[in-house]
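Please look over the protein shown here. The report below walks through its folds and contacts, one region at a time.

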Amino acid sequence: MVIKNKTSRRGRQMPATAPSVRRSFPTSMAGKAAPTQALAPRQQQQQHQAPRPQQHQPARPQQAMSRPPHQHGPRPQHSSAPAHYTHQHAQPRERRAEVTTPVAKKATTPKHDTLRIIVLGGNEEVGRNCTLFEYGTDIVVVDMGLQFPEEDMPGIDYIINDFTYLQDKIDRVRGVIITHGHYDHIGGIPHLMERIGNPVLYTGVLTAGIIKKRQQEHTSAPPLKIQTINEKSRLKFGNSFVVEFFHVNHNIPDSYGLVVKTPVGNVVHTGDFKFDHNPVNEKTMDIGRLNQIAADGVRILMADSTNAERPGHQLSENQVGTELEEIFRQVKGRMIVGTFASNLSRVQLLISLAEKYGRKVLVKGRSLTTNLEISHELGFMKFKPNTLVDIVQAKHVPDNKLTVICTGAQGEKNAVLMRLANGDDRELQLKKGDTIIFSSSVIPGNERTVQNLMDGLYRHGANVIHYKMMDIHAGGHARQEDLKDVVRLLKPEYYMPIEGNHFMLRINANAMVEAKLLSDKNVIVSDNGQVIEATKDSVQLTKEMVPAEYIFVDGLGVGDVSEVVLRDRRQLAGDGMLVVIVTVRRKTGELVQNPDLISRGFVHMKESKRLVEETRQQVKKILKDRDPKSPAYEDYLKNKIRDQIGEFVWRKTKRRPMILPVLIEV
Ligand SMILES: [Zn+2]
């Protein structure tokens, strides 16, 4: 996987701007509230939040579809959540009656002279890439990725795209195209294909292999209809689209860019790419082909922004080879190289170097082994039959003849390098004289864990070579000068940065304007869900937003963990909880026994006797002021305990545990 979550520390889960709008469900679903979990993914977890109103009404007037444009300023962390709830309070249930308005119908009617491009994910983050091309009644989906969770999303496995917009347009989806086999482009497939009617999926041979393998782990997902393509393929989708492909370099083989031919001109989508003039085990990008694409005219160029902030040209993978080779030449003992399981070009490079220097290779880590097997089987990875050894054979290989390639160079908790550092890998133990090589730079945010990892490795007496000592990391993405080269080659009329945080898209766009390759009017920076409309006469970034929420995957649940659940998890993780159990006489509301307090993760009760006693007195005080005849007495009392005890505890401890009042009537 390419997980370069460089920046995304902005707590953006629920944009403060009109969240309910993004929630609106298509008109055709009106009245069919939540026919499946898929359609109303977040309705079910509200029960335990009794005082709050149900969060998402299944249908609202569709005019809400065009919402005010995003505010591009920084969004304060978590601030969106309260706004969200407030907003929901303002949307009473009665509104349901208004659903079937003519406006609503209009919004889902296809436009027959307009190309609509909607990036559902990947334009405000590095991850969960997905773009829709819509013309008339034809829709083509490009990529269906996942995004790894941020630190403030406890328990979340990953995040996928919101397909609400497609819900009433399933019969218009003509196909899905996947550009390459990284998780941020394929990760949503097992969860989302069924929701759009499991259309045919078109992709390269290697990507198809990786997708099929992953699909096996999701037994409930229906079998996929995959058709493989190559750079010569030409696909027709409905009456509107013809899609052609071109080979791109990246850090996984079999990656493609697309030319989407539409009635209003050609749109080029680069996918993830870099210019590599000397790639490992594959050919370079075909400049002649790019010239040919340019000759046909490029109306809009959508280009990878992941490394757009980095000046200059991207290193060639073979330049990395030169530096790694130096290490191979010098190291005397065992070599253990940590890398990304998704960076198959690097793995190929390491295996080729091992062969050159007479070393055997032991591959460790499940994802790495799987990717290697698939790509070798499909002919994308080349090595001699006896180069790879298993752990039993490895024990008989002299240290100076063994290279171990493994996962975990980012300090991932359960990956091989961390196990080696902790000395709890069953198969392999570190020893003095080993050399550990970090063959990837540290992703911002992972520095601390990587430092811990290094501590562990040095304690075993190992030598560590990491990227600061030697540049052994070439990214898989075009840098600024590469992007300018692509623009010079393709000469697009409009330029639309994709695949990156907002700031990366801006830097990408600004670089083109500064280089006078495009004018300010001809660059488009869109947010996730924002609709771009192109006709024969104009290309416009509209103010229309379609739903592009984070859909959280947690265990077997897809979309059933909402921001509300996450907020609870964060609160529990932050300050724990305090359960207040109050037993009262039903008729009089009188307290029957001393209130019970239970702390989990808040304070150690035995050591906080005074606080416990004071809190108990406080609860008693609240109960004195009672009116048991009031019909909402129970809720009233619980809210009062929650608010006042919360406030009291805050005053005493400056902590905000979750207060959980339990009322027992006898
Ligand atoms: Zn990629």
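## A loop residue to start

Where is Met381 found? Met381 sits in the loop between helix H10 (366-377) and helix H11 (391-394). Helices (H or I, at least four residues) and strands (E, at least two) are DSSP runs, numbered from the N terminus. This is a predicted model: local features need pLDDT of at least 70, side-chain atom pairs count only at pLDDT 80 or more, and totals for chains, interfaces and linings use all residues. Residues are numbered from 1 along each chain as its sequence is written.

Is Met381 buried or exposed? Met381 is buried, because 21 other C-beta atoms lie within 10 Å. Buried means 20 or more other C-beta atoms within 10 Å of a residue's own, exposed means 12 or fewer, and partly exposed is in between; C-beta atoms are placed from the backbone. Not counting residues up to four places away in sequence, Met381 touches Leu344, Gln348, Leu372, Ser375 and His376. Contact here means C-beta atoms, placed from the backbone, that lie within 7 Å. Gln348 is 33 residues from Met381 in sequence, yet their C-alpha atoms are 6.3 Å apart.

## Overall make-up

The protein has 18 helices and 25 strands. Of its 666 residues, 45% are buried. Take the contacts between residues at least 6 apart in sequence: 76% of them join residues at least 24 apart.

## The parallel sheet

Five strands would be listed in what order across this open sheet? The order is S14-S15-S13-S16-S17, and the pairing is parallel. Two strands pair if DSSP finds at least two bridges between them. Strand S14 (360-364) and strand S17 (463-465) are the edges, each pairing on one side only. From one strand to the next, the twist averages 20°.

Inside the sheet, strand S13 (residues 335-338) pairs with strand S16 (residues 435-438) over 4 bridges, in the parallel sense. Ile336 has Ile436 of S16 as its bridge partner. Helix H9 (residues 344-356) lies across S13, S14 and strand S15 (402-406). H9 runs at about 175° to S15. Such angles run from 0 to 180 degrees between N-to-C directions; axes are lines fitted to C-alpha atoms, for helices over the stretch in contact.

## Helix H15 and its flanks

Helix H15 (residues 502-514) has 13 residues. From first C-alpha to last it reaches 18 Å, close to the 18 Å expected at 1.5 Å a residue. The expected span is 1.5 Å times one less than the number of residues. The buried residues of H15 are His502, Met504, Leu505, Asn508, Ala509, Ala511 and Met512. They pack against strand S12 (300-304), helix H14 (480-490) and strand S18 (494-498).

Glu499 lies in the loop between S18 and H15. Its phi is near 60°, a positive value in a residue other than glycine. Glu499 is buried, because 33 other C-beta atoms lie within 10 Å. Just after H15, Lys516 takes a positive phi of about 60°. Lys516 is in the loop between H15 and strand S19 (530-534). Lys516 counts as exposed, because it has 7 C-beta neighbours inside 10 Å.

## Strand S19 and its partners

S19 is mostly covered, with 4 of its 5 residues buried. Strand S1 (residues 115-121) pairs with S19 in the antiparallel sense over 4 bridges. There, Leu115 has Ala534 as its bridge partner.

S19 is also joined to strand S20 (residues 539-545) by 4 bridges, and these two strands run antiparallel. Gln530 stands opposite Met545 in S20. S19 and S20 form a hairpin, with 4 residues between them.

## A helix pair near the end of the numbering

Helix H17 (residues 609-624) and helix H18 (residues 633-653) have axes that come within 10 Å and cross at roughly 145°. On the H17 side, Leu611, Thr615, Gln618, Val619 and Ile622 make the contact. They meet Lys640, Ile641, Gln644, Ile645, Phe648, Val649 and Lys652 in H18. By class, the contact has 7 nonpolar, 3 polar and 2 charged residues. Ala, Val, Leu, Ile, Met, Phe, Trp, Tyr, Cys and Pro count as nonpolar, Asp, Glu, Lys and Arg as charged, and the others, Gly among them, as polar.

Terms used. Contact = placed C-beta atoms within 7 Å.
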